[in-house]
Amino acid sequence: MISILKTQSAVVKQVRGVLAACALAAFFVSGLSLQAATPELDTTLPRGGQRGTEVRVTFQGNRLTEVKEVLFHEKGISFKDIKEVDPKKVEATLVIAPDCRLGEHHLRLRTAGGTTYGRTFWISQFPNVAEVEPNDDFDAPQEIALNSTIEGEAKPEEVDYYKVTAKKGQRISVEMEALRINNLRNAVAVDPYIAILDKNRFELAVSDDSALLKQDSVASVIAPEDGDYVIEVRDSAYQGRGRYRAHIGTFPRPLAVYPAGGKIGTEVEFTFLGDQKGTYKQKVKLPDHATESFEVFGQNEGLLPPSGNKVHVVTYDNVLEAEPNNSTKEATPAASLPLAFNGVLQEAGDTDFFKFSAKKGERFRFAAYANRIGSPVDTVIYVYDANGKTIGSSDDADGSSDSRYDFTVPADGEYFVRIRDMLDRGGDNFVYRIEAQPFAPEIKLTMPEMTRRDSQYWKQFDIPQGNSYAMVVNVSRQNFSGDLVFDMPKLPAGVTWEAGTVPKNISQFPILLKAKADAPIGGGLYELHAKPTEADKQGVVGNFEQELDLVRGNPNGALYYASYENQLPVAVTEAVPFAISIDKPKVPLVRDGTMKLKVRAERKDGFDKKITVRMLWRPPGISCPATMTFDEKATELEYELNANANAELATWKITMLAQSDAGKGPIVIAAPFTELTVEEPFVGMKMNMASVQQGQPIEMVCDLEQLRDFEGEAEVQVFGLPAKATAPAQKIKKDATEVRFPVTTAEDTPVGQHKNLFCTVVINQNGEPISHRVGMGGVIRVDPKPKEPAKPAAAAPKKEVAKAEAPKKPLSRLEQLRLDAKQQTEGEPK
């Protein structure tokens with residue numbers, strides 16, 4: 001599990017579907033009364049519990065009928081005595097192991113209708129204490145014992161006060177879980193503020209935001225004397241409304257840990273920094289696999305901090321700074337890369353240098369870790385050559401204040417890496433880590449956002465009995481190229497998966513899960529992997545990771561808090577009252593061609609709702625409508641596909657998602673895979689430019705290029721002619737070298753050049769059409785019809801002429817042409 005407080009864009013909406021579609025004959029065994037109810041989980045009360053105890057928890061949401069179990073992403077929590085109170089409420093007893101990891105855990109409910117979104121549940125070392133109102137008066141606070149976890153609620157324009165009694169020299173520490181624990185749609189429920197006050201209301205410590213927990217607060221003091229102290233808890237703007245958990249006690253609260261990582265499988269002695277009683281050390285055995293989500297909990301005086309300090313676990317060694325190292329001459333020496341450089345910017349203006357050796361052509365990514373591990377350092381890193389000349393530098397990267405610089409070694413020799421804070425700040429907890437990461441082959445698997453600002457939408461693989469569900473997987477290959485195959489080693493009983501080989505140039509690919517008609521209702525959390533097909537890359541395995549966007553707010557659904565999980569919820573659910581399928585095309589879709597897929601809906605008796613279908617994934621170069629809808633009771637529709645000139649030539653497995661509502665919430669199912677073959681066209685064409693006068697016929701000649709043989713005749717039709725111009729369809733055979741269209745125009749066919757003409761060529765095979773678009777960009781010019789000559793004027797009465805007029809001089813050829821052009825211009829319509 002990885003948890004990150006951050007700000008990006010999107011919005012949380014809890015809508016999900018029971019996802020499925022497959023073996024249609026088996027699907028119709030059960031009756032209409034069996035309908036999956038898509039469950040929604042909003043929150044739990046309380047929001048957490050003490051480890052080593054049992055706590056009765058209320059789950060609040062919608063459509064929580066026929067609840068089966070609670071699913072936990074992490075070890076240490078189980079459930080018993082689960083009970084449905086009503087469709088919006090479920091109760092269960094959570095059994096929390098004595099060694100359960102403190103802090104954030106993720107859980108879901110599974111019902112007969114599917115699996116809910118992932119939500120958080122928080123584990124403390126202290127007992128829960130419920131807030132008791134009224135406690136909004138400093139002079140009448142709620143009295144609590146030290147080492148308690150308050151389950152409270154922040155309200156607008158309200159302050160909560162808690163009184164504790166401490167001895168001189170005792171820690172009084174407060175850590176908040178507030179912003180992180182409220183899952184409201186597009187709203188930050190509580191942005192907490194805390195203060196530790198003495199009996200005279202003097203502030204000993206205050207905290208709004210923190211480097212360690214971002215928008216959640218943390219504060220700690222040493223009690224200056226025996227007596228009572230008051231903890232103030234409120235929303236920072238007096239506006240929030242939501243739940244909070246306040247850990248109040250004598251626990252240590254280190255603000256940083258040094259070093260901020262280590263090598264897999266090793267025992268590392270960590271120094272915990274920033275605690276009010278000073279630094280302390282503890283040895284920790286690191287896991288035997290690389291991870292960015294490992295937390296170390298520094299125990300002191302028999303207690304632990306409520307949340308751990310994040311460290312990186314990698315496959316290479318640490319280098320620890322040796323002061324002074326403020327210049328290239330004093331640089332901390334290191335060996336060859338890859339390595340992880342660790343240090344602390346201990347005072348304002350501090351800067352640290354490390355020296356390393358590298359060989360020409362080697363490539364490394366220098367990645368700084370500070371903000372991402374809860375350190376206040378705003379990193380800036382520099383790389384220098386042996387003479388101190390700057391090779392490159394980096395400030396912020398990847399949406400974070402942490403730096404990243406990709407370094408290709410220009411020559412064998414020694415080099416330096418330097419780090420400083422952007423504002424030249426420093427302090428005891430200004431810990432940093434710079435990893436010189438090798439560019440090793442790596443695969444990352446995620447799933448695309450199916451609707452804006454909701455990363456969990458349609459990410460539950462809920463498969464109705466006798467049906468299927470599909471999802472697109474994002475595939476990211478780093479530092480290698482090659483085909484991949486998926487693997488899901490374990491699945492619920494009666495469920496199988498299907499997917500093709502992911503071509504090396506494809507970064508998105510569908511996977512389909514199918515449930516047998518007699519598959520038992522059940523489910524759980526399962527892994528998805530990908531690995532290369534090439535033998536020399538068999539050690540490279542990619543694991544799925546899903547973002548849980550837990551808190552979003554202003555502006556525009558910005559992401560404030562997210563966690564990441566590496567397991568997929570997969571469940572077999574009750575049958576649903578419809579299914580869809582795609583008829584397998586008997587002919588290929590050709591480049592620059594179109595195809596109408598026949599999509600069928602099979603309905604149980606009595607189900608007559610609209611069904612919306614969409615292509616879940618399109619092969620490269622294929623386009624189609626975003627959605628199409630079956631009207632009530634309709635069972636067939638045609639879904640048009642278009643291939644561009646560069647569509648990928650291959651046989652692809654395609655599916656569709658179908659969404660409807662049987663009265664208990666949205667149902668989303670998938671069609672079984674069908675194969676679509678994309679091929680080269682049979683015919684090419686060049687449309688020769690044609691010109692014609694209004695009202696006249698013309699023969700438009702098009703040159704043909706036979707690219708592949710076909711049987712029988714093909715029908716060719718021209719499109720894009722101007723208004724009131726027509727041309728009948730023509731027939732051609734495979735040996736034709738041209739096609740001629742007799743075009744007729746009307747007296748008022750628009751004058752001018754008419755571009756963007758094209759033709760369709762339709763070849764019939766196996767009783768189905770293969771439609772091409774050819775000759776794109778054809779042109780026909782329509783000229784105005786000639787102007788009728790003016791009628792001669794009536795003869796005037798003869799008059800006596802004193803002198804005969806001289807005959808007019810005949811016009812020259814050039815003058816006659818100019819006169820004709822002028823008359824034509826004057827005759828054109830304005």
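1. In this predicted model, seven strands form an open sheet with mixed pairing; their order is β41-β45-β46-β38-β40-β43-β42. The edge positions belong to β41 (484-487) and β42 (495-498); each has a single partner strand, so one side of each is left without a neighbour in the sheet. From one strand to the next, the twist averages 25°.

2. Within this sheet, strand β38 (residues 442-446) and strand β46 (residues 542-544) run parallel and are joined by 2 bridges. Lys444 stands opposite Asn543 of β46. As background, strands of a sheet pair through backbone hydrogen bonds, either parallel or antiparallel.

3. Another site to look at is Asn309, which lies in strand β27 (residues 309-314). Is Asn309 buried or exposed? Its relative accessible area is 2%, and because the cut-off for buried is under 20%, Asn309 counts as buried.

4. The side chain of Asn309 makes a polar contact of 3.4 Å with that of Arg253. Leaving aside neighbours within four places in sequence, the residues in contact with Asn309 include Arg253, Pro254, Leu255, Ala256 and Val257, as well as Leu212, Phe272, Phe294, Glu295 and Val296.

5. The model has 1 cavity of 30 Å³ or more. The largest cavity holds about 50 Å³ of space. Which residues line the largest cavity? They are Leu255, Ala256, Val257, Asn309, Lys310, Ile373, Gly374, Ser375 and Val431. Strands β22 (256-258) and β27 each contribute at least two residues to this lining.

Terms used: Residues numbered from 1 in each chain as written. Predicted model: local features only at pLDDT ≥ 70, side-chain atom pairs only at ≥ 80, totals over all residues. Heavy atoms only, no water. Helix = DSSP H or I, 4+ residues; strand = E, 2+ residues; numbered from the N terminus. Buried < 20%, exposed > 50% of the residue type's maximum accessible area, 1.4 Å probe, protein only. Polar contact = N/O pair within 3.5 Å; in protein donor to acceptor, adjacent residues only side chain to side chain. Contact = heavy atoms within 4.5 Å. Pairing = 2+ DSSP bridges. Axes fitted to C-alpha atoms, helices over the stretch in contact; angles between N-to-C directions. 1 Å grid on protein atoms, 1.4 Å probe; cavity = no way out; pocket = protein on both sides within 12 Å on 5 of 7 lines; lining within 4 Å. Points joined across faces, edges and corners; volume = space filled by probe spheres on them.
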